[in-house]
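Please look at the sequence and the structure together before reading on.

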Amino acid sequence: MNRSSGYGKLVRDRIPQIIRANGAEPVTYVADAEEYRDRLRDKLGEEVAEFLQADDARAPEELADVLEVLHALATDLGLDARQLEKIRQGKAIERGGFANRIVWTGNQ
């Protein structure tokens, strides 16, 4: 679901340069803070969907795209990568990670 106003999509910072290098002229604008956050959330959904559809060969590249968006979202929330990792580690200590492959099917 696209929560942002208008049309278009958030792209990486160098995409307009790449488009120009390929002989076209991109039409762009800079989103305000609220639209940027909405578009980052939309982008996260887009990148997660691409990861879920990727085969094993493409999955690492798609996962890196997810991580790039996560870093941008963290920055937008006032966190750097170190702070985000500290939060992740705290949750892992408190609740564990996913290394043991445990699947919960309910309670008795």
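In which helix is the place of Glu 47? In this predicted model, Glu 47 belongs to helix α2, which covers residues 33-53. Although Glu 47 carries a side chain that counts as negative, the residue is buried and has no salt bridge. The nearest side chain of opposite charge is that of Lys 43, at a distance of 4.0 Å, while a salt bridge is counted when a side-chain nitrogen of Lys or Arg lies within 4 Å of a carboxyl oxygen. Once its neighbours within four places in sequence are left aside, Glu 47 is in contact with Glu 62, Asp 65, Val 66 and Val 69.

Turning from this residue to the fold, the protein contains 4 helices and 0 strands, and its pattern along the sequence reads α-α-α-α. The radius of gyration is 18 Å, well over the 13 Å that the globule rule gives for 108 residues, and the protein is therefore more spread out than a compact globule. Along the principal axes, the C-alpha atoms fill a box of roughly 60 × 35 × 25 Å.

How much of the protein counts as buried? Of its 108 residues, 17% do, and Glu 47 is one of the buried residues. The protein exposes about 9,300 Å², of which carbon and sulfur atoms supply 55%. When contacts between residues at least 6 apart in sequence are considered, 62% of them join residues at least 24 apart.

Note on methods: Residues numbered from 1 in each chain as written. Predicted model: local features only at pLDDT ≥ 70, side-chain atom pairs only at ≥ 80, totals over all residues. Heavy atoms only, no water. Helix = DSSP H or I, 4+ residues; strand = E, 2+ residues; numbered from the N terminus. Rg over C-alpha atoms; globule rule 2.2 N^0.38 Å. Buried < 20%, exposed > 50% of the residue type's maximum accessible area, 1.4 Å probe, protein only. Contact = heavy atoms within 4.5 Å. Areas by Shrake-Rupley, 256 points an atom, 1.4 Å probe, with all protein chains shown as cover.
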